[in-house]
Amino acid sequence: MTTQGSARQPVTELDARYSSALNPRPGADKVTATEWSEALRLLDTAEIFWLSTVRDDGRLHVTPVIAAQHEGVLYFSTGPTEQKAKNLAHDAHCALTTGRNSLTEGMDVVIEGRAEKVSDPAALENMIAAYEAKYGPHITSSEGTFHGISEGIRKGAVAGFALSPATAYGFGREQGVYSHTRWTF
């Protein structure tokens with residue numbers, strides 16, 4: 001598996017059709033595309049993500065997960081027998097989504113691509129380090145919600161996945177002005 005996300009810089013475009021750039025609101029003429037570095041910052045600070053996968057009969061499956069990025073690759077995990085693992089074994093296409101759930105502020109980020117199961121020990125250690133750095137005591141403390149996940153990943157009791165973005169979208173909102181950025185890798 002190749003996980004060279006940091007070396008891959010996307011083409012960044014503002015999609016005016018879904019932005020306030022075409023709207024006569026004050027400030028709408030200043031709408032610009034969001035830089036990928038800002039999207040990475042948002043991914044680093046988001047705690048919950050929504051993973052969307054496709055069941056073998058074509059129905060969608062959406063569930064919350066934790067995720068951490070390392071060098072532009074988003075890592076997430078699941079139990080090997082859970083529905084999302086079964087779905088990814090059938091069809092690796094998926095999306096990870098995170099955001100603010102607000103109409104007036106913040107940014108929602110959607111990452112689309114193919115999730116690859118992580119089996120390389122060095123990549124697994126990168127994933128674990130990213131999880132522990134991001135979620136801290138939730139993972140490292142014996143009282144933490146996800147305590148034991150690091151060892152579970154190492155032993156294969158927890159399946160790790162890497163999602164390198166193929167396309168990503170940012171939906172920004174600030175003081176009634178909206179932006180829609182597309183990042184293509």
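Colleague: Which residues form one aromatic cluster here?

Modeller: Trp36, Trp183 and Phe185 do. Bear in mind that this is a predicted model, where local features need pLDDT of at least 70, side-chain atom pairs count only at pLDDT 80 or more, and totals for chains, interfaces and linings use all residues. Residues are numbered from 1 along each chain as its sequence is written, and side-chain values use heavy atoms, with hydrogens and water left out.

Colleague: Happy with that! How many aromatic pairs does a search of the whole structure find?

Modeller: The search finds 5. Rings of Phe, Tyr and Trp (its six-membered ring) pair if their centres lie within 6.5 Å; planes under 30 degrees apart count as stacked, over 60 as edge-to-face and the rest as tilted.

Colleague: Why is the pair of Trp36 and Trp183 called edge-to-face?

Modeller: The ring centres of Trp36 and Trp183 are 5.2 Å apart and the planes stand at 65 degrees, so the pair is edge-to-face.

Colleague: And what makes Tyr169 and Phe171 a stacked pair?

Modeller: Their centres are 6.4 Å apart with planes at 25 degrees, so Tyr169 and Phe171 are stacked.

Colleague: How do you know whether Trp183 is buried or exposed?

Modeller: Buried means under 20% relative accessible area, exposed over 50%, partly exposed in between (1.4 Å probe, protein chains only). Trp183 has 0% relative accessibility, so Trp183 counts as buried. Phe171, at 32%, counts as partly exposed.

Colleague: Nice. What joins the side chains of Arg41 and Glu38?

Modeller: A salt bridge, at 2.7 Å from N to O. The term asks for a side-chain nitrogen of Lys or Arg within 4 Å of a carboxyl oxygen of Asp or Glu.
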